[in-house]
Amino acid sequence: MLNRRGILIGGAAVLAAGGAGAVLSTKLATERYAEFARRLRKPLTQSAGPSELIRYATLAPNGHNTQPWLFRQSARGIAILPDVSRRTPVVDPDDHHLYVSLGCAIENLAVAARATGQSGDVVIDGEEGASFSFSALPGTVDPATAELFQAIPLRQSTRSLYDGRAVASDHLRRLSQSAVMDGVDVALVTERSTIDRVRDLVIAGNDVQMDDPAFMRELKDWLRFSPSTAMTRGDGLYAPTSGNPALPEWLGSIAFDLAFKSASEADKYARHMDSSAGVAVFSAVDEGPAGWIAVGRACQRLCLMATALGLKTAFVNQPVEVASLRGEMASLAGFPGRRPDLVLRFGQAPPMVYSPRRPVDAVVTTS
Ligand SMILES: Cc1cc2nc3c(=O)[nH]c(=O)nc-3n(C[C@H](O)[C@H](O)[C@H](O)COP(=O)(O)O)c2cc1C
């Protein structure tokens, strides 16, 4: 007959076995996840049709990885429309990030189309999104487009410590040229004292956000702790892409509540900023969906060029998300009186785990 002690020992053994089982199954799922992420980023062939171009478009960065887009194909081209069911109203109340994300994706699509011999132009439709209209004539692929194209499946937001080395001046020049876009200004900040001031704004913004229960709730909704959930949902912020371990969903949720504190986040951001070679700040001349889509396009070109040059990038957008910090951020970047749209750090680091995406079928609409 089991006594009380026996029940306790038995209970602990069941828990330990359960824990070990959960860790083992997470390990297996992590290996499956690596294959899933590789398949999403399979290189495009030269005969890529519309759904393959859309797959490449979806590899673009986007706020909280909500993938707030729908794609509509027609004989004339491919349109990208906002998917308002994937808004993040707390961090992005005016859909600024949503439209920037559409801009990043349409630029990927345009680069991929041109690199596979399909010429055409991007048309920005403002609130309706944007589209890529095919030209009747086949295009020739210029070397600059080919370089950006190859970088599409390799680019990632690398949220880790960089190696602290400066970026060579000819690479800085290429970064700056890559982002030239009508209606968008870009500042590349490499002076350490200015980067330090941006760092202080990032930390100040992070403190404000982490103090806001609504911000934390919305963020947690988009976190994916386990590889299985990341693969099933195909969206959201998968823990290892921020340098955290993959965990069973229930355990990750508890660990997040216990360990995600503003002091440790501030320390992490300070080290990340100090290890970065520089910061790129983007600002649209005209505020509103059309300007924000243009910012996304410019930003995506810079991210792809950085990737082609062997650099890594990561967004540190707290100073543009917290409205009270925008004025100082704009002045630091040399755009006094304007709204700064994005802050991106860059430098050198090894790659991290790649983030999930939903399948093309889930983002195509016929309506
Ligand atoms: C408009 C916009 C805002 C973003 N803001 C942040 C941010 O403040 N912090 C962050 O770590 N990542 C930010 N990201 C990066 C996304 O989380 C990232 O693109 C997404 O998780 C997909 O991952 P990937 O870029 O590695 O493909 C932002 C991306 C976009 C386009």
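How many residues does the hairpin use to join E1 to E2? Three. Before I go on, this is a predicted model, where local features need pLDDT of at least 70, side-chain atom pairs count only at pLDDT 80 or more, and totals for chains, interfaces and linings use all residues. Residues are numbered from 1 along each chain as its sequence is written, and side-chain values use heavy atoms, with hydrogens and water left out.

Okay, back to those strands. E1 covers residues 69–73 and E2 covers residues 77–82, and they pair antiparallel over five bridges. Strands here are DSSP runs of at least two residues, and helices are H or I runs of at least four, numbered from the N terminus; pairing takes at least two DSSP bridges between two strands. Within that pair, phenylalanine 71 sits opposite isoleucine 80 in E2.

Next up, arginine 297. You'll find it in helix H11, residues 289–308. Is arginine 297 buried or exposed? Buried, because its relative accessibility is 12%, and buried means under 20%, exposed over 50%, partly exposed in between, using a 1.4 Å probe and protein chains only.

So who does arginine 297 touch? Skipping neighbours within four places in sequence, its contacts include Gly103, Cys104 and Glu107, with contact meaning heavy atoms within 4.5 Å. Its side chain also makes a polar contact with the side chain of glutamate 107, at 2.6 Å. That term means a pair of N or O atoms within 3.5 Å; within protein, one must be able to donate a hydrogen and the other to accept it, and residues adjacent in sequence count only if both atoms are side-chain atoms.
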